[in-house]
Amino acid sequence: INISNENVVTRFERGLSKSRNTALDNCKSDVILFTDDDVKYLDNYSEIVLDAYLEHPKADMICFYVESTNNKRRTKRIRTGKFGYINAMKIISAEMSIKKASFERTKIRFDEDFGIGAPNNRGEEQILIYEALRKNLNVIFVNKKIADIDQTESTWLKDYDENYFYIQGKVYKRLTKKWCLFWILQYVIRKYPMYKKSVSFRLALKNMLK
């Protein structure tokens, strides 16, 4: 497996998904990870990643555990093994690694209408994983920690408001038209204790259904 950290590309453009697609186009490594400026990798993270791909040679995408230091935005641990659409909702971008050849072969890319700096400022990670699952790529979780993430600041989530729920509804529709109503209903019910002081249940549901 080839490791390269020497290829730096600077673009004067806005959009997280655009930046990640630029990485997909220009990265010369066999395996790609996506990081943010609040991610602190363990000293041996590269060994953990490489060992996982050697242990699971048929894997097209491996997600690892990145621990959040922010108690209000905890990350989830998943059992090692293949996972599907439901567990895909628990993954953040810093936990994702992909085999570049698999994504070039299937032409899977980040949807540039989603993610920070795009019209819809989130959901790009889940959309990418859903596309990989739909194209029958081998997506697995390896329950080993590779990094910590701060997550104390967010450029897209300041508070729950009507627009927040409108965009979340668009994310679910982009993920799956067949099951988007299910995802919307479970979301407004499950998240109610978090948003009830800002938006009523009825208004949250109404905006997601838009």
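The model is predicted: local features need pLDDT of at least 70, side-chain atom pairs count only at pLDDT 80 or more, and totals for chains, interfaces and linings use all residues. Residues are numbered from 1 along each chain as its sequence is written, while side-chain values use heavy atoms, with hydrogens and water left out.

**Overall build**

- The protein has nine helices and six strands; helices (H or I, at least four residues) and strands (E, at least two) are DSSP runs, numbered from the N terminus.
- Its radius of gyration is 17 Å, close to the 17 Å that the globule rule gives for 210 residues, so the protein is as compact as a globular protein of that length.
- That radius is taken over C-alpha atoms, and the globule rule is 2.2 Å times the number of residues to the power 0.38.
- Among contacts between residues at least 6 apart in sequence, 74% join residues at least 24 apart.

**Surface and charge**

- The accessible surface comes to about 12,300 Å², and 49% of it belongs to carbon and sulfur atoms.
- Accessible areas come from the Shrake-Rupley method with a 1.4 Å probe, and for residues only the protein chains shown count as cover.
- There are 38 positive and 27 negative side chains, and the centres of the two sets lie 9 Å apart.
- Lys and Arg count as positive and Asp and Glu as negative, with His and the chain ends not counted; the place of a charge is NZ of Lys, CZ of Arg, CG of Asp or CD of Glu.

**Helix α2**

- Helix α2 covers residues 45–55, and its buried residues are Ile-48, Val-49, Ala-52 and Tyr-53.
- Seen down the axis of α2, these buried residues fall within an arc of 130°, so they line one face of the helix; the arc is that of the directions from the helix axis to the C-beta atoms.
- An α-helix has 3.6 residues a turn, so residues three or four places apart point the same way.
- Glu-47, Leu-54 and Glu-55 are exposed on the other side of α2.
- The packing partners of the buried residues of α2 are β1 (31–33), β3 (61–68), β5 (96–99) and β6 (139–149).
- Tyr-45 also belongs to α2, and at 29% relative accessibility Tyr-45 counts as partly exposed.
- Leaving aside residues up to four places away in sequence, Tyr-45 touches Leu-33 and Ile-146.
- Tyr-45 and Ser-97 are 52 residues apart along the chain, with 12 Å between their C-alpha atoms.

- The buried residues of α5 include Glu-124, Glu-125, Ile-127 and Leu-133.
- Ala-88 is found in helix α3 (residues 85–88) and is buried, with a relative accessible area of 0%.
- Not counting residues up to four places away in sequence, Ala-88 touches Phe-83, Gln-126, Ile-129 and Tyr-130; Gln-126, Ile-129 and Tyr-130 are among the buried residues of α5.
- From Ala-88 to Leu-128 is 40 residues in sequence and 9.6 Å in space, C-alpha to C-alpha.

**Helix α9**

- Ala-204, Leu-205, Asn-207 and Met-208 are the buried residues of helix α9 (residues 201–209).
- Seen down the axis of α9, its buried residues fall within an arc of 165°, so they line one face of this helix.
- Arg-202 and Lys-206 are exposed on the face of α9 turned away from its buried side.
- The buried residues of α9 pack against α6 (162–175), α7 (180–190) and α8 (192–195).

**Positive phi values**

- Lys-107 has a positive phi near 60° and sits in the loop between α4 (100–106) and α5 (124–134).
- Lys-107 is exposed, with a relative accessible area of 67%.
- At 70% relative accessibility, Asn-136 counts as exposed.

Definitions and conventions
Contact = heavy atoms within 4.5 Å. Buried < 20%, exposed > 50% of the residue type's maximum accessible area, 1.4 Å probe, protein only.
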